[in-house]
Amino acid sequence: MPPQPPHDTGPAPGPDAHPETSAAAAANSERADHAEAAAAAELKRTAARRAAPSPFAPLSVPVFRMLWGTWIVANTCMWMNDVATAWLMTTLTTSPMLVALVQTASTAPVFLLGLPSGALADILDRRKYFMITQFWVAGVAMLLCAAILSGGMTAHLLLALTFANGIGLAMRWPVFAAIVPELVSRQQLPAALALNGVAMNASRIIGPLLAGAIIASAGSAWVFVLNAALSLIAGFTIMRWRRVHPDNPLGRERLASAMRVGVQFVRESPAMRAVLWRISIFFFHATALLALLPLVARELEAGGARTFTLLLASMGAGAIGSAMFLPRLRQLMTLDQLVRYGTAAQALSTAVISITPNVYVAVPAMALGGAAWITTANSLTVAAQLVLPNWVRARGMSIYQMCIMGATAAGAALWGQVASLSSVHISLGIAAVSGVVIMLLIQRVVRSRHSDEDLSPASSVNRPRTSTPPQPGLHLVVTIEYFIDPARATEFRAVMKESRRTRLQQGALRWELEHDIADPRRYVERILDESWVEHLRRFDRSTNADMALRDRRLAFHVGENPPVVTRYVVEIE
């Protein structure tokens, strides 16, 4: 008797089998399949709920716990400084322009210096760089204190020192964003970033309250004294971190080249571009609520400074509470769903605030806005971190932060102008509706294309060697010759488009694919590098995902020998 197939459970019903019996059996089988599928889906949901990491899991890592505490202190100092400088300016001048320029002087460095700061954070020792940012902020706070106590403070000097403090903030954010993924596992990264959001929102509550109490009891100078002391403590705390900076045998990248490569990587990354579109659209519309909130608070019954503080505190409390549920939400929803629902919740909060009759309605609306704010921002921050390899992480996150700052500044200006031409309520209403509509349009047009590519450094890459390295500064041309079956040319070109993106992300100046007219099988890939050293850096930047793409590329080659690689130095241009 011949063996039966592996999935054969017996002979099939013969032609004499009763049709009703067969139909009943089929129906029972179908119901059993549905029940089994439902049970499997429920098991999957249960497993997902159990697999959701604790929102406090990253705090079990001692180094993360130490640096997270430092991050709370640093952000508390930032909010204390903002409150103290704004109040101090009102005692130095009555000019609304100079008072408004305090905010500009504080945030402009973050936008102007974000990319250079990110490049330096990728080039230099991140531990030392982070430590220097804290000592920089402490030094500026000491100068502010000395100028106030000596009686030499002026409005213009305050603006200059506020700008100097902003330089420290611009230096600090990219390096901390790049450090966090080094401290925790990939599974704990979302929770770690949510805790960073908690730290920011907690400091948003603590900093202003602490600064206000000190100003009322002792004066502005003592706010800067405490700011300097806390910044010094934070700097010395970072010194305890024993991080070993990996030395690159090729030496440090030049700043201009590092900045170019950072911008080029983001431009050639579809996933990163999608994240930047979403975060820009979200902050452009969400900032209307914060920008116009003082005017809303003033119009409420018995509104004033205390009402404004209460609304801000409600927003911070909503953000902190939401952070506790983020791990569970990430298990139940996709990135696009989190962004979509977060944007909708933010719009609902803004719409309610635009028509709120009293503080009792405004407080829960602000809590909802804070929850939506951290849910959306955290989801997009996690997405950005996961599509950035470590060698370009600080540069990528600095561009991410620049998009947030630029969108916030532009949004505040636009919604303020709309409010001037109409009313605060109309401006908030338009921001709420347009925010949802444009986000839905962006999600449809700009696909996130988020994938689980392995971005860990490749271990099987051998650098090319030469007995006589080319002179520094000369461009290098690399050609790779492939022989392809003409019947597979379309597939090959599709893979080569992916290769183009990868080569440019790694730092190549230019890429092109040439097709031999005389021999339809012959293709030549041509890559232009900035120099021999930058050519070697491309090998160091290769990831396991790049190696998988290389294998797909080589699978098309039909020659007896591997593709021929030739390198030329460009001597005359």
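Is phenylalanine 176 buried or exposed, and what is its relative accessible area? Phenylalanine 176 is buried, with a relative accessible area of 2%, where buried means under 20% relative accessible area, exposed means over 50% and partly exposed lies in between, for a 1.4 Å probe and protein chains only.

The views below show a predicted model, in which local features need pLDDT of at least 70 and side-chain atom pairs count only at pLDDT 80 or more, while totals for chains, interfaces and linings use all residues. Residues are numbered from 1 along each chain as its sequence is written, and side-chain values use heavy atoms, with hydrogens and water left out.

View 1. A pair of aromatic rings is described by the distance of the centres and the angle of the planes. Rings of Phe, Tyr and Trp (its six-membered ring) pair if their centres lie within 6.5 Å, and planes under 30 degrees apart count as stacked, over 60 as edge-to-face and the rest as tilted. The search of the whole structure finds 11 aromatic pairs. In one of them, the ring centres of tryptophan 71 and phenylalanine 176 are 4.1 Å apart with the planes at 5°, so this pair is stacked. Tryptophan 71 belongs to helix α2 (residues 62-92) and phenylalanine 176 to helix α6 (residues 155-183), so that the pair links distant parts of the chain, 105 residues apart; helices (H or I, at least four residues) and strands (E, at least two) are DSSP runs, numbered from the N terminus. Tryptophan 71 and phenylalanine 176 are both buried. The rings of phenylalanine 130 and phenylalanine 176, with centres 5.6 Å apart and planes at 45°, form a tilted pair. Because phenylalanine 130 lies in helix α5 (residues 126-149) and phenylalanine 176 in helix α6, this pair ties together parts that are 46 residues apart in sequence. Phenylalanine 130 is buried, with a relative accessible area of 0%.

**View 2. Threonine 70 in helix α2.** Threonine 70, which is placed in helix α2, is buried with a relative accessible area of 3%. Its side chain reaches the backbone oxygen of methionine 66 at 3.0 Å. When neighbours within four places in sequence are left aside, threonine 70 is in contact (heavy atoms within 4.5 Å) with Ala234, Thr237 and Ile238.

**View 3. Glutamine 443 in helix α16.** Glutamine 443 is found in helix α16 (residues 424-445) and counts as buried at 5% relative accessibility. Leaving aside neighbours within four places in sequence, glutamine 443 is in contact with Arg278, Asp336, Val339 and Arg340. The side chains of glutamine 443 and arginine 340 are joined by a polar contact of 3.1 Å, that is, a pair of N or O atoms within 3.5 Å, of which, within protein, one must be able to donate a hydrogen and the other to accept it, while residues adjacent in sequence count only if both atoms are side-chain atoms.

**View 4. The open sheet of 4 strands.** This sheet has the order β2-β3-β1-β4, with antiparallel pairing, where two strands pair if DSSP finds at least two bridges between them. β2 (510-515) and β4 (564-569) stand at the edges, each with a single partner strand, so one side of each is left without a neighbour in the sheet. β2 and strand β3 (residues 522-529) run antiparallel and are joined by 6 bridges, and leucine 513 stands opposite glutamate 525 in β3.
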